[in-house]
Protein chains: 4
Amino acid sequence: MKSNFAFNVDNSEYSICEFFKHTRQYTEILIKNLNAEDCQLQSMPDASPVKWHLAHTSWFFETFLLVPHLKTYRIFSSHFQVLFNSYYNGIGNQFTRSLRGLLARPSLKEVLSYRHHVDNYIQDLCCYYSELSPKLIELLMLGIHHEKQHQELLLMDIKHAFSINPMYPAYSITSGNMHLNKIAAPLKWFNFETLILEIGAKDTEFSFDNERPKHKQLIQSFKLASRLVTNMEYLVFMDNQGYENPQYWLSDGWSNVKQNHQNAPFYWIKKDDCWYEFTLNGLKPINLNEPVCHVSYYEASAFAAWAGKRLPTEAEWEYASQSEHAFDISCKSAHLHPHPAEGEGLLQLSKEAWQWTCSAYLPYPGFKPFADVAGEYNGKFMVNQIVLRGGSCLTPMHHLRNSYRNFYYPHQSWMMSGIRLAEDT
Amino acid sequence: MKSNFAFNVDNSEYSICEFFKHTRQYTEILIKNLNAEDCQLQSMPDASPVKWHLAHTSWFFETFLLVPHLKTYRIFSSHFQVLFNSYYNGIGNQFTRSLRGLLARPSLKEVLSYRHHVDNYIQDLCCYYSELSPKLIELLMLGIHHEKQHQELLLMDIKHAFSINPMYPAYSITSGNMHLNKIAAPLKWFNFETLILEIGAKDTEFSFDNERPKHKQLIQSFKLASRLVTNMEYLVFMDNQGYENPQYWLSDGWSNVKQNHQNAPFYWIKKDDCWYEFTLNGLKPINLNEPVCHVSYYEASAFAAWAGKRLPTEAEWEYASQSEHAFDISCKSAHLHPHPAEGEGLLQLSKEAWQWTCSAYLPYPGFKPFADVAGEYNGKFMVNQIVLRGGSCLTPMHHLRNSYRNFYYPHQSWMMSGIRLAEDT
Amino acid sequence: MKSNFAFNVDNSEYSICEFFKHTRQYTEILIKNLNAEDCQLQSMPDASPVKWHLAHTSWFFETFLLVPHLKTYRIFSSHFQVLFNSYYNGIGNQFTRSLRGLLARPSLKEVLSYRHHVDNYIQDLCCYYSELSPKLIELLMLGIHHEKQHQELLLMDIKHAFSINPMYPAYSITSGNMHLNKIAAPLKWFNFETLILEIGAKDTEFSFDNERPKHKQLIQSFKLASRLVTNMEYLVFMDNQGYENPQYWLSDGWSNVKQNHQNAPFYWIKKDDCWYEFTLNGLKPINLNEPVCHVSYYEASAFAAWAGKRLPTEAEWEYASQSEHAFDISCKSAHLHPHPAEGEGLLQLSKEAWQWTCSAYLPYPGFKPFADVAGEYNGKFMVNQIVLRGGSCLTPMHHLRNSYRNFYYPHQSWMMSGIRLAEDT
Amino acid sequence: MKSNFAFNVDNSEYSICEFFKHTRQYTEILIKNLNAEDCQLQSMPDASPVKWHLAHTSWFFETFLLVPHLKTYRIFSSHFQVLFNSYYNGIGNQFTRSLRGLLARPSLKEVLSYRHHVDNYIQDLCCYYSELSPKLIELLMLGIHHEKQHQELLLMDIKHAFSINPMYPAYSITSGNMHLNKIAAPLKWFNFETLILEIGAKDTEFSFDNERPKHKQLIQSFKLASRLVTNMEYLVFMDNQGYENPQYWLSDGWSNVKQNHQNAPFYWIKKDDCWYEFTLNGLKPINLNEPVCHVSYYEASAFAAWAGKRLPTEAEWEYASQSEHAFDISCKSAHLHPHPAEGEGLLQLSKEAWQWTCSAYLPYPGFKPFADVAGEYNGKFMVNQIVLRGGSCLTPMHHLRNSYRNFYYPHQSWMMSGIRLAEDT
């Protein structure tokens with residue numbers, strides 16, 4: 001098979017079909033320590049079972065590539081078209097989201113068969129069309145990046161599911177503790193000057209529709225923190241009655257924490273007067289030098305108000321990430337929980353925790369959704385949500401860009417979300 | 001091991017330890033067609049995962065027999081004491097009932113180990129105490145009958161869980177259809193004269209605390225239907241606007257069906273203008289000669305009002321079940337769905353579907369709960385529930401008595417509940 | 001107008017029309033201290049605005065007497081037929097119960113005009129038919145007793161509404177404190193022998209349908225407390241961790257108090273470490289000698305369990321109330337809060353607080369609802385509720401009988417409900 | 001009293017104290033057709049009783065002006081400090097918002113006394129300080145504009161409350177129908193060129209904190225509709241299955257309309273196959289030429305998507321409103337429902353219905369809340385809401401500016417909200 005789309009990964013040139021294959025394999029690597037029961041857990045409506053992620057990502061390739069573009073394709077199961085449709089009204093009905101955890105059937109084994117069925121046909125597709133059309137390449141890239149999004153979701157969701165179990169199972173028993181004695185790099189502030197900047201994805205790279213079109217924005221001068229807020233800094237906020245003082249909080253945020261009797265980040269647990277944190281490596285004592293994570297927008301905003309600072313806009317973040325200060329230590333090994341900041345420059349941009357901006361998730365001027373049914377990808381979610389920028393330790397490789405826009409509701413915190421402060425100049 | 005408690009099963013004499021063993025084995029027979037994912041399903045707070053039933057029944061023996069009475073007993077896992085406590089406040093905390101489906105760990109495999117661990121120690125107990133004390137025999141009998149109750153619950157709960165899945169998985173693929181052409185025996189009415197009757201369990205047999213003490217009641221003359229109401233009869237009620245006419249309904253019942261947009265028994269599904277029923281053998285067309293089942297008290301009561309009859313009191317049922325008319329065809333093979341009435345006499349008393357009475361579930365005069373912690377067994381549920389009498393095709397063997405009192409909330413219908421009519425004379 | 005139905009009130013003979021007139025006037029006396037805004041309050045779905053009670057009782061006479069039986073009757077407003085229908089599906093639609101407090105229009109003034117309009121026509125009816133038919137007398141009596149029920153509801157509902165207001169308005173400022181120094185009569189136990197008793201209303205007196213038919217019951221010997229449980233006795237229960245110990249509680253009751261964070265009777269309020277009680281005379285310190293009131297069935301049952309006693313059945317209560325011991329001090333003046341027990345014999349039967357029985361509210365054997373549309377009066381509520389017997393200080397005169405069956409859901413406590421203990425012998 | 005602050009109203013110069021007086025009087029004019037019961041209605045948690053508005057606006061002057069700045073001030077009632085605090089955590093506790101309709105006491109009469117009590121003291125304050133300090137003038141202006149906001153809320157809330165009543169009471173019986181035969185001016189599109197514009201309130205005029213600070217924004221060229229969308233245009237959307245086709249809707253919007261079974265704007269009612277609209281003048285047939293109003297952001301957004309257009313940003317709206325095209329017919333008489341567009345130019349900017357923008361309600365760069373406790377005025381609501389611009393027929397005179405930012409949650413529609421379309425060029 002001749003490569004019809006070459007790109008660079010770790011200094012090697014891969015074909016898109018290899019990219020597809022690696023991505024699909026990596027998903028299955030992620031579940032190697034999970035049993036069939038683990039893979040079925042759905043601990044809240046916002047989360048999905050691991051098994052569902054495995055099936056839905058396959059459904060995506062089946063529905064948008066194989067069915068319309070490969071004549072020889074044989075549907076694996078007509079039931080799956082409904083069961084594993086997430087939210088595509090253009091495709092048809094969907095199984096009720098909050099009940100996904102009740103699908104014991106198909107079993108994990110059947111779902112893996114479904115995956116391999118789809119994988120084989122995609123290989124066929126690549127062979128059949130020796131030169132894939134731009135349209136097919138675009139859809140294949142979309143499917144691959146879609147799967148990468150679900151790789152992070154899968155880790156977020158199994159973490160949430162395990163956190164409900166009083167035995168606190170560990171997703172991975174490899175210790176995340178080699179950096180126990182590291183001190184977080186000191187906080188610095190970088191200055192950025194007023195300018196008119198072009199925001200959005202470059203024409204030459206893959207991106208989601210929500211990162212387009214490129215457009216100009218007038219950005220006033222500002223300062224940005226060199227690293228994420230640490231657990232230690234967040235504990236000072238907590239000790240200063242941060243959760244008891246409404247003056248720091250948005251009104252909806254205050255209602256939210258009071259209603260949930262919340263007084264700490266999402267996975268924090270107090271035992272015998274000490275704070276612990278549930279992680280994918282199990283329950284462990286809070287490490288003061290690590291970035292605080294699993295905070296909601298309400299908490300991020302309250303912390304910033306308490307600190308006399310603010311959160312950055314997404315344009316400010318994009319501006320800074322393109323600057324000379326931007327610096328992201330390349331982690332040799334993947335990690336399941338953020339590490340303390342280390343080194344100089346603008347640190348922890350995309351490898352530790354997503355960063356809440358103060359920007360509402362809205363269409364860029366002139367925004368056009370993807371064509372056809374895939375058009376439901378991003379646009380219809382552009383209300384009530386807040387943009388996060390950067391990336392996290394759970395984000396798979398080869399997925400991010402400076403223009404990447406992640407988004408969640410302001411009350412959510414089961415994603416790997418952290419805080420980077422900004423300030424007016 | 002010398003048998004210290006002999007009783008008759010299928011004309012053979014069994015020791016209580018053999019009774020224990022058979023009962024425990026039968027539970028595991030019930031799950032032989034289920035995979036680990038099936039066993040974890042919890043489709044509503046009222047239901048529990050199969051895996052949880054497997055563990056909880058073991059917890060019962062561990063907690064009430066082994067821990068207090070066998071010095072050499074080694075606890076399997078301290079976590080399980082909380083996880084598998086159902087509602088015994090006297091024992092300690094309980095894991096939140098509605099979240100039982102989120103316990104991927106312990107896995108099914110571990111739970112089966114737990115079962116065998118407990119089984120082995122109970123065997124030890126039987127050997128160690130060559131003659132079990134009356135107290136221990138009583139607790140063992142309670143544990144065995146407790147497990148038999150959970151055998152029926154397990155079937156009810158997996159049926160409910162599978163019913164949510166649009167693929168309608170069958171618990172058993174053995175056809176339940178050999179009686180497809182059978183016509184239900186015609187409905188007759190039996191007369192019973194006014195008398196003062198002694199109600200309640202005999203002193204010489206095992207019973208739950210709620211069947212005691214024996215006491216006298218004055219029962220006025222009445223008539224009782226010879227068999228259960230059939231699907232055909234219930235369809236006439238439906239065709240007569242039974243679900244649209246409030247005059248037949250209790251006020252709370254009317255609110256209940258309107259709020260749930262209910263217009264048929266619980267597992268009935270209309271497809272292409274035909275009624276189907278979800279059963280443990282999968283989805284099948286309604287068989288008009290079978291007893292209607294999975295009806296709530298509200299539906300049973302509305303049907304009776306529409307028919308110009310009423311439901312029997314539990315005392316009336318007990319009276320009739322002791323009469324010369326009482327007749328229950330012994331099913332050679334277990335069945336997973338009720339069969340049409342066949343033969344003469346007072347039919348379908350205990351082998352097809354439980355029968356709603358019009359009696360609130362209340363303590364008998366002079367009621368005393370079981371001693372100690374097992375005292376939470378029945379008494380604390382004696383409000384807001386209605387008594388059902390008889391038994392069902394899902395009830396395991398050697399479990400029932402004429403005095404047996406089953407009870408559910410009036411809105412519930414995931415149990416195998418049917419209707420037998422009564423009338424004043 | 002010739003009296004066609006004479007009965008005895010305070011040793012004078014009244015016609016039924018005079019009975020009607022007195023009853024209607026008394027309702028308006030009850031609102032003389034309330035302004036239009038007070039009369040519109042609906043503080044929970046179970047309660048209705050005073051204004052609604054005023055209109056609904058008139059609607060009852062209009063709908064069941066005037067429209068069908070007086071040709072010359074002119075409907076006051078067609079809107080009112082829907083707005084003031086409580087729950088009579090046989091009559092037609094009803095305005096949503098929980099929104100009754102949103103009916104600013106009709107104004108109180110208009111509702112009073114509606115009352116007088118109806119009153120005038122009923123007078124006409126009495127004149128027109130110089131001898132009222134038994135059917136009309138029956139309906140008129142039903143309407144009068146229906147209005148008397150709403151007189152008590154009106155007081156219950158305004159009490160609840162005022163209790164929400166942090167200014168704690170008093171319905172009446174006449175002090176209820178003249179008995180501040182009275183000591184409650186000591187508790188005695190009366191023995192009753194086993195017998196077969198005829199239960200239910202006499203044929204010769206008015207009664208609701210639920211008190212009929214008379215029928216025989218076998219009642220086992222029992223003991224009954226001479227008076228209601230006092231606040232002092234209830235405080236001992238509270239001090240003994242009554243609300244913290246699940247062993248005393250029915251399972252549904254335990255869920256109920258825990259969910260509502262309840263640790264005292266309904267209108268009790270702790271201020272500066274002292275218990276106060278909201279009454280129709282405003283907020284006042286707890287009087288230890290008064291009967292405890294506004295307790296739910298769950299609380300009554302838990303108190304009885306803690307005390308090692310039980311609640312009486314309704315048949316036991318009726319038996320005792322007909323005995324030689326029965327004794328009810330006739331209060332010269334109406335009172336708005338129960339008084340301490342005073343005197344000898346079986347005290348506080350019907351003039352202080354309703355008494356929870358342990359009997360579910362069910363039809364008597366052979367029960368037949370009232371004929372026609374008034375048939376929705378009682379029967380359709382015969383599930384999920386518990387019988388209370390006796391009467392309360394809020395019950396108007398000439399309304400009660402020994403056979404009177406009041407009923408509420410076990411969690412409710414905004415009615416004037418108290419506790420009388422019983423015991424097996 | 002010497003005027004220390006002069007401004008122009010209808011070409012006359014008024015002192016701020018006269019402005020205060022006129023504003024306070026106008027509030028009482030608004031209730032002249034309402035009785036005490038009307039003034040107590042609270043038909044949903046988002047709305048408040050008219051009586052509460054009357055009291056709360058007085059509380060505002062009492063709390064922020066009189067108590068801190070007038071030594072001789074005597075508190076009217078200590079209860080009112082809690083009862084009529086809306087959401088100022090800095091001031092102290094608040095009575096539960098959703099229960100405001102349960103405050104029969106204080107009566108309307110007492111609340112009016114409270115108003116006059118406060119009015120008199122403010123007069124004193126003006127006399128006492130012959131020259132009001134800038135701080136006091138600022139607070140007085142804030143209080144006046146705060147009251148004007150509540151004048152519009154009062155009308156919105158009584159409209160909602162009356163709409164629940166099946167008798168559909170009219171707030172005002174003056175006919176709003178003199179424009180029945182008017183044809184809406186034809187829709188035109190105005191072009192606006194790319195520019196960098198200064199957005200926000202001028203330093204020299206009163207404004208709320210959320211309109212500040214002035215700052216520059218880069219606005220790309222766009223087109224704006226000359227008038228609001230009419231009922232006729234909206235009916236075409238409805239007839240085109242607008243409410244049945246998810247492709248037009250934001251995902252949260254689709255959930256919202258499906259959950260509420262919504263298929264028309266908020267106050268539209270279908271009777272005998274014709275659409276009617278509930279207005280402050282009572283129920284009336286839809287006038288096709290009037291602007292559609294009481295639409296949610298979700299509806300506005302879906303309509304725009306269906307029409308192939310979009311909603312304007314708030315910056316675009318402000319740009320256009322300052323242009324030569326801007327033109328607002330001055331209504332001689334106040335009106336309670338929007339009128340059809342009439343004339344040339346950019347019409348219906350601020351006198352008919354608020355216009356949904358597509359801008360999230362966020363702080364302007366460099367935003368600082370008002371100092372002290374009044375700082376809770378706007379800032380804490382800056383999440384989850386959407387900006388509306390313009391004004392409505394319910395907005396009182398002398399309240400608006402081009403920079404005025406109104407804001408509501410995207411699902412809300414009980415305010416007078418309409419749609420103006422925009423388009424990219």
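In chain A of this predicted model, strands β3, β6 and β14 form an open sheet in the order β3-β6-β14, with antiparallel pairing. Strands here are DSSP runs of E of at least two residues, and helices are runs of H or I of at least four, both numbered from the N terminus; two strands pair if DSSP finds at least two bridges between them. The edges of the sheet are β3 (189–192) and β14 (422–424) of chain A, each of which pairs on one side only. β3(A) is joined by four bridges to the antiparallel strand β6 (residues 222–225) of chain A, where A:Leu224 is the bridge partner of A:Phe190.

Residues are numbered from 1 along each chain as its sequence is written, and chains are lettered from A and ligands numbered from 1 in the order in which they are written. Local features need pLDDT of at least 70 and side-chain atom pairs count only at pLDDT 80 or more, whereas totals for chains, interfaces and linings use all residues.

Overall, chain A contains nine helices and 14 strands, and its C-alpha atoms fill a box of roughly 65 × 50 × 40 Å along the principal axes. Among contacts (C-beta atoms, placed from the backbone, within 7 Å) between residues of chain A at least 6 apart in sequence, 77% join residues at least 24 apart.

The contact between the chains takes 25 residues from chain A and 24 residues from chain B. Helix α3 (residues 78–83) of chain A gives the most to the side of chain A that touches chain B, with three residues.

Note on methods
Two residues are in contact if their C-beta atoms, placed from the backbone, lie within 7 Å.
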